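Please read these notes with the model open beside them.

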Amino acid sequence: MNHAHMAWEFVDLFAELPNDQINEMLAKNVPMETLEFFNAYAETYGRSAAMDGESRKRLPNLLLVGYLLRVLEERLLDEQPLD
């Protein structure tokens, strides 16, 4: 599976999850400090880039999705047997 295929599968799966399962998944995989950092960083970046409205509100989610994809990649790499 390549990175693009994995990302699309992740997005499809994520879109189907109810909010309670999303919250549970986040609690198990993302430290609270990381969530707080994403919110603070997105606010600072959005302000400095003069972003407003929905785009600025979605920045923390974009950071979070990227983080979750990276965590998934690392876990999949760890599961691969060594030659």
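1. A patch here is made of residues with over 30% relative accessible area and no salt bridge; like charges are joined within 9 Å, and nonpolar side chains (Val, Leu, Ile, Met, Phe, Trp, Tyr) within 5 Å. Accessible areas come from the Shrake-Rupley method with a 1.4 Å probe, and for residues only the protein chains shown count as cover. Phe-37, Tyr-41 and Tyr-45 form such a nonpolar patch on the surface, with about 340 Å² of accessible area together. Phe-37 belongs to helix 3, residues 32-48. Helices (H or I, at least four residues) are DSSP runs, numbered from the N terminus.

2. On provenance: this is a predicted model, in which local features need pLDDT of at least 70 and side-chain atom pairs count only at pLDDT 80 or more, while totals for chains, interfaces and linings use all residues. Residues are numbered from 1 along each chain as its sequence is written, and side-chain values use heavy atoms, with hydrogens and water left out.

3. Which residues make up the largest nonpolar core? There are nine: Phe-10, Ile-22, Met-25, Leu-26, Val-30, Phe-38, Leu-64, Leu-68 and Leu-69. Helix 2 (19-29) and helix 4 (53-79) are the elements that give two or more residues to this core. A nonpolar core is a set of buried Ala, Val, Leu, Ile, Met, Phe, Trp, Tyr and Cys residues joined through side-chain atoms within 4.5 Å. Buried means under 20% relative accessible area, exposed over 50%, and partly exposed in between (1.4 Å probe, protein chains only).

4. Phe-38 is one of the core residues. Leaving aside neighbours within four places in sequence, Phe-38 is in contact (heavy atoms within 4.5 Å) with Pro-60, Leu-63, Leu-64 and Tyr-67.

5. In helix 2 the buried residues are Ile-22, Met-25, Leu-26 and Asn-29. They lie on the same side of helix 2 because they cover an arc of only 100° around the axis; the arc is that of the directions from the helix axis to the C-beta atoms. These buried residues pack against helix 1 (3-16) and helix 4. The face turned away from the buried side carries the exposed residues Asp-20, Ala-27 and Lys-28.

6. How many salt bridges are there? With a salt bridge taken as a side-chain nitrogen of Lys or Arg within 4 Å of a carboxyl oxygen of Asp or Glu, the count comes to seven. One of them joins Glu-43 to Arg-47, the closest N and O atoms being 3.4 Å apart. Both residues lie in helix 3, four residues apart, about one turn of the helix. Glu-43 is partly exposed at 35% relative accessible area, whereas Arg-47 is exposed at 52%. A network of salt bridges links Glu-43, Arg-47, Asp-52 and Arg-56.

7. In helix 4, Arg-70 and Glu-73 are three residues apart, and their side chains meet in a salt bridge at 2.8 Å, N to O. Arg-70 also forms a salt bridge with Glu-74, at 3.5 Å; these two are four residues apart in helix 4, about one helical turn. An α-helix has 3.6 residues a turn, so residues three or four places apart point the same way. Is Glu-73 buried or exposed? Glu-73 counts as buried, at 16% relative accessibility. Arg-70, at 41%, is partly exposed, and Glu-74 is partly exposed at 38%.
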